[in-house]
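Biologist: Please take a close look at one part of this model. Walk me through it in one go.

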Amino acid sequence: LAYCACSSVSSLCNACLGSTAPGTTGRKRSVLLLAMAIGLALTFQYSLAPALVERHGWVWNLYSSIPGFGKWLHNAWAQGCTLEVSSAAQATTCAGNAGVYRPAAVSTLFFAMQAIATRFQPALNREAWPGKYGVFL
């Protein structure tokens with residue numbers, strides 16, 4: 001099942017974003033990955049952080065159903081903000097702003113590793129993008 005899903009995604013990627021033939025680049029695929037990172041950053045800021053800090057919504061219900069995990073996750077998101085702010089609304093805003101840095105840091109690390117790898121093997125920039133999306137996510 002996983003093979004079929006990966007094969008389908010790979011085929012869709014090649015159809016929508018061009019080929020991996022010599023002479024082409026991975027620009028379109030890189031931009032798609034960057035757009036995914038921006039989408040994740042906005043989701044973390046406006047959806048995930050408020051749900052975890054305020055302890056409500058389906059996200060909180062999902063994570064709090066695991067014993068001990070909900071409290072740990074809430075503390076991880078709220079700990080740095082509770083010392084600096086005086087109200088719950090400010091804590092939520094602070095956690096949302098801090099949540100943007102998580103996907104931004106992952107994408108920075110990913111593209112830095114990609115740049116180093118491409119320096120040693122230039123063809124790597126246009127190859128294996130479905131696998132790169134999987135590693136990123």
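Modeller: Start with Arg-55, in the loop between H2 and helix H3 (57-64) (helices are DSSP runs of H or I, at least four residues, numbered from the N terminus). The model is predicted, so local features need pLDDT of at least 70 and side-chain atom pairs pLDDT 80 or more, while totals for chains, interfaces and linings use all residues. Residues are numbered from 1 along each chain as its sequence is written, and side-chain values use heavy atoms, without hydrogens or water.

Arg-55 is not a glycine, yet its phi is positive, about 55°. Most residues other than glycine have a negative phi. Arg-55 is partly exposed, at 44% relative accessibility (buried is under 20%, exposed over 50%, partly exposed in between, with a 1.4 Å probe and protein chains only).

Helix H6 covers residues 101-120. Its 20 residues reach 29 Å from first C-alpha to last, close to the expected 28 Å (1.5 Å times one less than the residue count). Pro-103, Ser-107, Phe-110 and Gln-114 are its buried residues. They share one side of H6, because their arc around the axis is only 65° (taken from the axis to the C-beta atoms). The face turned away carries exposed residues, including Tyr-101, Leu-109 and Arg-119.

The buried residues pack against H2 (27-54), H5 (88-99) and H7 (129-136). Between H2 and H6, Leu-33, Ala-37 and Phe-44 are among the H2 residues that meet an H6 set including Pro-103, Ser-107 and Phe-110 (contact: heavy atoms within 4.5 Å). The axes of H2 and H6 come within 8 Å and cross at roughly 160° (lines fitted to C-alpha atoms over the stretch in contact, with angles from 0 to 180 degrees between N-to-C directions). H2 and H6 are therefore roughly antiparallel (over 145 degrees).

Notes:
Helix = DSSP H or I, 4+ residues; strand = E, 2+ residues; numbered from the N terminus. Parallel < 35°, antiparallel > 145°, perpendicular 65-115°, else oblique.
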